[in-house]
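Here is a short briefing on one protein model. Look over the sequence and the structure first, then read the points below.

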Amino acid sequence: MTQPSGRKPPPRIVARFVAISWRDLALTFLPILIVSAAAIYLAVRLIQPAPPSTLTISAGPQGSSFWTAAQKYKEILARNRITLNVLPSEGSLQNLKRLSDPNSNVDVGFVQDGVAPGAASNGLMSLGSVSYVPLAIFYHGPTVARLSEFKGQRLAVGAEGSGTRELALALL
C-alpha cells in the first residue's frame with residue numbers, strides 16, 4: 001500500500017509493541033523498581049516525624065521569668081496539639097546539666113548566656129535569644145568605679161545554681 005506521493009505509510013502502533021522484547025523491558029525497569037521501593041521503605045523506617053507530640057522543658061524556679069516563659073510556650077504549643085512538660089529547676093546551671101545529660105529526657109531548656117563554659121556545652125545548640133536580662137547593681141555608699149572594689153565585702157548575688165549568681169561571680 002503506497003501513497004500517491006510514493007512514500008510508505010507510518011508503521012502501525014501495534015507493530016511497534018510486537019517488536020519490544022518483554023525480557024529487555026523487565027531487565028531495564030525491574031532494578032529501578034526494586035531500588036525505588038527499598039529507598040521508600042528506608043525513608044519511612046528511618047526518618048522520624050518532626051516535631052514530636054511531647055516535649056520536656058527545663059525551666060527555672062516557679063514564679064521566675066524562665067518559668068513564666070515556659071508556661072507561655074506551653075499554651076502556644078497546646079494550640080498545635082503538642083504537649084509541653086515543664087520541669088522546675090534551680091536555674092540555668094541545673095538546666096544546663098539536664099540538657100548535657102542524655103539520660104535526663106529533657107528536650108529544651110532556658111540557659112542564661114555566659115553561664116556555660118565551652119566544654120560543658122558540648123553537643124548543645126542555642127536556638128536563639130528569648131529575652132535580654134539586664135544586670136543591675138544596687139549599692140548604697142561612696143561612688144564605685146569598678147566591680148573589683150567590692151572585693152572582700154558581703155554581696156547578694158543570686159540564689160545558688162542561678163545564672164545570675166554565676167554571671168555575677170564571673171564579673172567579680
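Two strands pair if DSSP finds at least two bridges between them. Helices (H or I, at least four residues) and strands (E, at least two) are DSSP runs, numbered from the N terminus. This is a predicted model: local features need pLDDT of at least 70, side-chain atom pairs count only at pLDDT 80 or more, and totals for chains, interfaces and linings use all residues. Residues are numbered from 1 along each chain as its sequence is written, and side-chain values use heavy atoms, with hydrogens and water left out.

**The sheet**
- In β2, Thr-83 is the bridge partner of Thr-54.
- Strand β1 (residues 54–58) pairs with β2 in the parallel sense, over 5 bridges.
- An open sheet is formed by 3 strands in the order β2-β1-β3, with parallel pairing.
- The edges are β2 (83–87) and β3 (108–109); each has a single partner strand, so one side of each is left without a neighbour in the sheet.
- Helix α3 (residues 65–78) lies across β1 and β2. Its direction is at about 165° to β2 (axes are lines fitted to C-alpha atoms, for helices over the stretch in contact, heavy atoms within 4.5 Å; angles run from 0 to 180 degrees between N-to-C directions).

**The largest pocket**
- A pocket is an open set of points on a 1 Å grid over the protein atoms alone, where a 1.4 Å probe fits, with protein on both sides within 12 Å along at least five of seven lines; lining residues have an atom within 4 Å of a point.
- The largest pocket holds about 1400 Å³ of space (the space filled by probe spheres set on the points, which are joined across faces, edges and corners).
- It is lined by 43 residues, and Gly-109, Phe-110, Val-111, Gln-112 and Gly-128 are the closest to its centre.
- Helix α3 gives the largest share of this lining, 5 residues.

**An aromatic pair**
- The structure holds 3 aromatic pairs (rings of Phe, Tyr and Trp, its six-membered ring, with centres within 6.5 Å; planes under 30 degrees apart count as stacked, over 60 as edge-to-face and the rest as tilted).
- Phe-66 and Phe-110 form a stacked pair, 5.4 Å centre to centre with 25° between the planes.
- Phe-66 lies in helix α3 and Phe-110 in the loop between β3 and α5, so this pair ties together parts 44 residues apart in sequence.
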